Amino acid sequence: MGDSKEAGAESPPTGAAARGGLSLLSQGESEEPSAQGSALFLGGNEVKSRAVVKYSSAPPRTAFARLEEKTDLKLPPANWLRESAKLGPAGTTILGNSKKSKPFSSFGMAYDFIDSVGNDVDVVSDSENIKKLLKIPYSKSHVSMAVHRIGRTLLLDELDIQELFMRSSQTGDWTWLKEFYQRLIDQKWQRKKKSKEHWYQKAILSKFLYYSINGDGAAQPVPSAAEQQESSSSDQTNDSDGASWPAPFEMPSSVSEDPSASSQGSEPLEPSYIVGHVASAPKEQNLTTLFNDGENSQGLKNDFVRNILWTFEDIHMLVGSNMPIFGGGRYPAVSLRLRDNNKPINVLTGIDYWLDNLICNVPELVMCFHVNGIVQKYEMIKTEEIPNLENSNFSTKVIKDIAQNILSFLKSNCTKEGHTYWLFKASGSDIVKLYDLTTLCEETEDKYQNPFTMPVAILLYKVACNMMMKKNQNKKHYGTIRTLLLNCVKLLDKSRHPQIIASANYMLSELFQLDEPKKEESSESPLNENSDESYSEEEEEMPDSDENGSYSTSSDPSDDNKAVAIIKSVGELSVPEKYKSIHQIRPSCTFPVCHDTEERCRLVLSYVLEGLKSVDSSIKKESDLPAADPNTPIPLKYEDESTRGGPEGLEKQMALFLDKMGSLQKGNYSSQSGMIPGSWQHKMKLQLILKSSKAYYVLSDAAMSLQKYGRALRYIKLALQSHDTYCCLCTNMLSEVLLFLSQYLTLCGDIQLMLAQNANNRAAHLEEFNYQTKEDQEILHSLHRESSCQGFAWATDLSTDLESQLSVSCKCYEAANEILQFSDLKSQNPEHYVQVLKRMGNVRNEIGVFYMNQAAALQSERVVSKSVSTAEQQLWKKSFSCFEKGIHNFESIDDATNAALLLCNTGRLMRICAQAHCGAGDEFKREFSPEEGLYYNKAVDYYLKALRSLGTRDIHPAVWDSVNWELSTTYFTMATLQQDYAPLSRKAQEQIEKEVSEAMMKSLKYCDVDSASARQPLCQYRAATIHHRLASMYHSCLRNQVGDEHLRKQHRVLADLHYSKAVKLFQLLKDAPCELLRVQLERVAFAEFQMTSQNSNVGKLKTLSGALDIMVRTKHAFQLIRKELVEEFDQPKSDESTPAADSSPSLNREEVIKLLSIFESRLSFLLLQSIKLLSSTKKKTSSNTEEDVVLKTNKQIYSQLLRATANKNATLLERIDVLIHLLDQLARGGGVQ
């Protein structure tokens, strides 16, 4: 019957038989208690069977003693019901062979093999229940079983209706089921008593087995009369009282710690689900103790001799068996049966024997025949031959089909976890019905009348807990775990089982990943792909097609509308694959998809709140709120303004905070509710509070990204309040928790900074900040039981003062940084440390700029002649201090770019200080002061440091260009002030000119006119202005200088050079025509000045020609001015105000008129001088045709110019048009040589 290929396909056993292809383990090995179990394979060509012994309490099996013929089994053997070394600790359990299943027997096995439940195993049950189910189509006897679903596993237990109703008549429990049973099934119910024949057969079997283990039993003393009496009633006791229904299973309110959790020295951060076990008494006990504890065991004890993982075809079953197994015969293991020779073996008995041998890996059956208790003969039958025995023929393939169909039927209809289903078939009936007892029970007042409620809840909890512990694979089971826990909580009474409920809610909250909010969206899809592993209580039942399903809830008279499902005829169970399509469908238990972070966090907080309520309700106190500690001041709503908001008050609060953090390192404990450190309440509340703080932190971070800063501050306040409570309860602060606190404070600093920068929307932020949900209030109430939650009040107040907000933000970052210094967190979390310092540097820059702007505002309000005020100086000092600290922060993390920006801001501060000192004294007598020079030079130093910090432009081009521009501006401002307000009282003119020249050249050096950028026009204008100023300075020097011809010549060359450069640069700009015109006019004046020192007419003519050439080149400037005037004139009157605002910076009419008048007078002067010189030259020398043409042209132009200037009514545009026309004539007519 064995299939050697099937055996070889798994793990090869150690012993193998020579015949039949049957594989066995050696005697000792198969009975060894083993966590992994031992595998054996039995089966034929029609069915596959594989068994793994997971646990065995039986001693090494011994050979059975073959009894002599004519042995009278009615006489008790000497060893009957006595302990024996051969029996081992199992004792009479092995040989009692009671067919009676105990209620809850499957739960006892499930607790012992929790790994298998909910995932790998389809069915957990007593082997007797399995056999009874598989014999349904062959048997007329009634079937009554309780079915529970845990994950994909079904737990089957016998539901003894007679025993149940006997109890009901005594206690009043289960009356609703009794009434239901009588109304729908058996109206004349009465207890059926067992026949004398039944007890006679049980006694003979027991004596036979004792004879068989002890061939020389005559040496044993015969039991006394009292023992005989005891033995005669033992079977009856075992059959009735021993298996009687327990009282409704209730857990006391006191529950124990998880030993693994209590052994830890500090609060675990990993999900340690604390309630791994539940206790039955105030003392610490684990679950196993509860279930093995005599009268408290409630029948939840795994008292099977063997627990076997049996795979029958594709069905995986965890089966409990007490069948006696002996050595002897042709194989190392045989089962021993006693048969009445006058009664042939029927099909039911054959199936019974065959299934027992398959389940227990026994390859051979030894049958002892007797007549009226007198032994007749022995017969040995191989297991694979049992289906072919005379009068007991059955098809193993049909048994396989029955098994598959029944499992499909149950799995398709027992869909609700935590519900007790009742599979019932009345005696002699062909109809099998399935009822949902939980639904029926809910119509009554007390759901705890169902004794299965508590064991189911505990099993749901333990299976979920076990799945959570398997971190490498638990994510795909999240949907299953969530369903298990929700159903567990639904079954339990909150007041009776606070620890399990608190722990279950904590585990539910742990299913939602909060540590990685950004990655969560992408990782949610795999959570919904576990459809074949689990099911959902919300799922609707899968409808059956007409061809595949034959159970229904129709209104047929034979049907019962209270039944979940009905099999109309047991014969249908034998039809191959009748329910196969349903068996393959496993509804999914999907993990809820949270579309946004807030939804996910709110779910977590709802579970946390339920957990906190359970913990708080379990702490016995006189009142809900703790009594006030006389040593702790009561926090009041109002505070002295001097200690709140201002930087000085913040300093004090920070000092207190840091003292507190230091004391936490030493392990101080200050709970107000009276929780005992180390108790389950203490540990669980710590875990829940930490989870709530994480959830609020993630909510705050999400609100921050949505720019809802008021909401973000409210959430981070709740996170810090949770953390403050955690600190009060914690006896040994872990570094991970300190890291969380550092992260919370960093985010709080970010929020306060953003609130400071978005002051215009303060009302909306305040409204969001003050709003609070009922859930948040309840969580806060639970926190207030342990702590005042005021530890971080300084960081989470919504201030209306900008300075206060910036200071709070800075203090948050400082606190976060201090926490990182407490332990080795800085080196363990370098990224976070860098972020904290970067933020600290940034906020110090913000504060520095704030004080700097205040100082600038004071300066602008101050009367010009008044000296610098003390308030200004204080603001400078504060600003400088902030910049200095910020620079240090950035330099410590090698952030060159930000350090350069702060150095740049410090330079700007120095320039503001310089400007403050320029106002002293009368404007007319004003000179460039030493203080101004000092501060401008300091500014230059800081800008140069910024450039050194950056190193090269490649590091950050934008910052590099900005620093260069500021440096250029500083040099330019300093040179301009020295030029305009020359300190002649302190320095010689030559020295001032030298310093101005050097400063201007340095300004030019850092003014990049070549690189294309948004700032390029500004740079070009700056460079042109510098060249213009230098040219003017050298021009002035030349006018005022006497003596040293070499120096005069040098100044002349420099002036000419800078004028020409200034013109080139101004010509590149389209919006500086006036500046271009002014430079050109100065060049003309420079030419006129040169002409005064010339004596010869030829030299003067040459200079005049050059001056007129310059005049002609001003045409470009006039064209630009004309274009702008035309654009102004063409614009509609209605739009006058808007474009005027746009064009006014580029064109100043008054300046244009002024420059135009000067231009006309200079052109007139030059033309007149040219005409005079040319006329006098013509008289002295012979006629020159070319000079005649020039003279004639100049006279015409001069004449036209005089007429034009004489016309006082001409508009500005007309005057410009005339000049452009004259300049064209001058250029064409050869007036310019």
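Colleague: In which strand is S321 found?

Modeller: S321 is found in strand β9, residues 315-321. Strands here are DSSP runs of E with at least two residues, and helices are runs of H or I with at least four, numbered from the N terminus. This is a predicted model: local features need pLDDT of at least 70, side-chain atom pairs count only at pLDDT 80 or more, and totals for chains, interfaces and linings use all residues. Residues are numbered from 1 along each chain as its sequence is written, and side-chain values use heavy atoms, without hydrogens and water.

Colleague: Is S321 buried or exposed?

Modeller: Buried means under 20% relative accessible area, exposed means over 50%, and partly exposed lies in between (1.4 Å probe, protein chains only). S321 has 1%, so S321 is buried.

Colleague: How many aromatic pairs does a search of the whole structure find?

Modeller: Rings of Phe, Tyr and Trp (its six-membered ring) pair if their centres lie within 6.5 Å; planes under 30 degrees apart are stacked, over 60 edge-to-face, the rest tilted. The search finds 16. Take F880 and Y942: their ring centres are 6.3 Å apart and their planes at 65 degrees, so the pair is edge-to-face. F880 lies in helix α31 (residues 870-892) and Y942 in helix α33 (residues 930-950), so the pair ties together parts 62 residues apart in sequence.

Colleague: Are F880 and Y942 buried or partly exposed?

Modeller: F880 is partly exposed, at 26% relative accessibility. Y942 is buried, at 15%.

Colleague: Which residues form one aromatic cluster?

Modeller: W310, F312, W354 and F394 do.
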